[in-house]
Amino acid sequence: MAGRPWTRRRILGRLPAACAAGLLDIPRSAAARRSGVDAGPLRAAAVAGRLVFGAAGGSALFGDEAYRDLFLAQAALLTPENALKFDGLQPERGRFFFADADRLVDWARTQGLSVHGHTLIWNDRLPPWLSGLSRREVARSFDAYLDRVVPHFAGRIASWDVVNEPFYLGGDHPGTYRPGPWLDALGPGYVVRAFRRAAELDPSAKLVLNEAWTERADAIGLAVRRSLLRLVDELQHAGVRLDAVGLQSHLFPGIAYDDGGFTDFLHGLAERGVTIRLSEFDVDDESFPDADRDGLVARRAGAYLRAALSVEAVDTVVSWGLADRYSWWRDPSVMAAHGMTRLPRPLPFDEMLRRKPMADAMVAAVRCRGRNG
Ligand code: XIL
């Protein structure tokens with residue numbers, strides 16, 4: 001080929017300023033160390049990038065001291081991974097069990113972590129007793145749950161996923177409301193109802209609408225994006241408070257993805273005046289070859305974050321756990337359901353709590369935003 005070779009300088013020169021630094025996050029620890037990108041913890045890098053970095057966590061924070069230390073060094077925010085779900089808080093009708101959740105939330109606060117509540121209303125993780133009720137009783141349980149849980153944590157929980165996964169797959173009809181008892185009993189209006197009630201019960205908590213799969217550019221992802229934008233409009237039209245939208249960001253590199261379409265979608269949300277949280281970040285590595293799994297995870301993570309963080313309204317990044325050892329993807333039933341054949345390595349630290357190239361790529365992406373702000 002005629003002309004000058006593609007030196008790194010030439011490539012950098014062709015990239016928009018906001019992304020140029022991303023090429024520095026060579027996903028190999030030695031190279032990353034030479035360039036200095038893996039020097040610091042994620043929480044400090046995030047501050048420089050005008051972001052909060054957090055992670056999901058649970059009982060491992062009490063049982064594994066090394067993990068606890070890692071968590072406190074890296075994260076400024078805790079999302080309880082399971083402790084605040086309906087089936088755990090109200091396993092029997094009318095009987096609430098707050099002890100485990102209180103312990104986790106109070107511990108996090110004494111450690112200076114901010115706590116994000118996940119999740120109030122979700123058509124999943126519901127106890128069997130709910131399915132035996134009439135629609136009217138389900139509606140009553142909906143209100144009663146919010147009335148009991150939101151005030152219980154008021155002042156201790158900074159933000160709530162008020163509704164999780166309103167659309168999800170939609171089966172054969174992507175972008176339609178996710179089925180379940182709340183939808184059955186109350187229709188799609190359950191979403192407005194939950195936000196209205198949560199706002200009354202805790203005026204100071206940030207209220208978040210959390211959704212899966214908007215990162216993908218296939219028919220499912222595009223339909224969910226459209227539905228989510230429409231729902232944000234509906235909530236605002238109804239006059240209820242919506243502070244932020246959470247995008248789960250479980251990345252599936254085997255599925256279509258496009259930076260441009262995704263950032264257009266993020267701008268669409270930002271134009272509606274909400275902030276955006278990448279709320280459950282991790283990378284499925286099942287399709288990557290053994291030889292360079294960690295490197296490819298790092299590349300995917302870095303590219304995704306660089307694109308998303310170019311949108312200023314994104315103010316929080318939460319990874320779904322910090323170390324592969326505790327990733328939900330390693331649950332044997334989850335692995336079986338997704339046909340996974342190797343132990344997944346989706347997070348910034350490994351099962352020995354060693355830093356992976358993904359952590360370096362995340363720091364580099366965040367610093368890139370810091371430099372371009
Ligand atoms: C997952 C937890 O990580 C697992 O430990 C649990 O067994 C199932 O739920 N989207 C969500 C989270 O909103 O609540 C899910 O968390 C992961 C997918």
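1. Let's start with a helix pair: α9 and α11 cross in a right-handed way (right-handed means the near helix is turned clockwise from the far one by less than a right angle, left-handed means anticlockwise). The contact (heavy atoms within 4.5 Å) is made by A139, F142, D143, L146, D147, V150 and P151 of α9 and by Y190, R193, A194, R197, A198 and L201 of α11. Sorted by class, that is nine nonpolar, no polar and four charged residues. Here Ala, Val, Leu, Ile, Met, Phe, Trp, Tyr, Cys and Pro count as nonpolar, Asp, Glu, Lys and Arg as charged, and the others, Gly among them, as polar.

2. Before going on, keep in mind that this is a predicted model, where local features need pLDDT of at least 70, side-chain atom pairs count only at pLDDT 80 or more, and totals for chains, interfaces and linings use all residues. Residues are numbered from 1 along each chain as its sequence is written, and side-chain values use heavy atoms, with hydrogens and water left out.

3. A second pair is α14 (residues 293-309) with α16 (residues 357-372): their axes lie 8 Å apart, at an angle of about 20 degrees. The two are therefore roughly parallel (angles under 35 degrees count as that). This crossing is right-handed too. Among the residues that meet are A298, A301 and L305 in α14 and A361, M362 and A365 in α16.

4. Now look at α6 (residues 65-74). Which of its residues are buried? They are Y67, L70, F71 and Q74, where buried means under 20% relative accessible area with a 1.4 Å probe, counting protein chains only. They sit on the same side of α6, because they cover an arc of only 100 degrees around the axis (the arc is that of the directions from the helix axis to the C-beta atoms). Their packing partners are α4 (42-48), β1 (52-57), α5 (60-63) and β2 (77-80).

5. Some backbone spots deserve a second look. Most residues other than glycine have a negative phi, and most peptide bonds are trans. Yet W213, not a glycine, has a positive phi of about 70 degrees; you'll find W213 in the loop between β6 (206-211) and α12 (219-237). S249 has a positive phi as well, near 65 degrees, and at 0% relative accessibility S249 counts as buried.

6. Finally, check the peptide bond from H118 to T119: it is cis, with omega near 5 degrees. T119 belongs to the loop between β3 (114-117) and β4 (121-122). Helices (H or I, at least four residues) and strands (E, at least two) are DSSP runs, numbered from the N terminus.

Key: Buried means under 20% relative accessible area, exposed over 50%, partly exposed in between (1.4 Å probe, protein chains only). Axes are lines fitted to C-alpha atoms, for helices over the stretch in contact, and angles run from 0 to 180 degrees between N-to-C directions. Angles under 35 degrees count as roughly parallel, over 145 as roughly antiparallel, 65 to 115 as roughly perpendicular and the rest as oblique.
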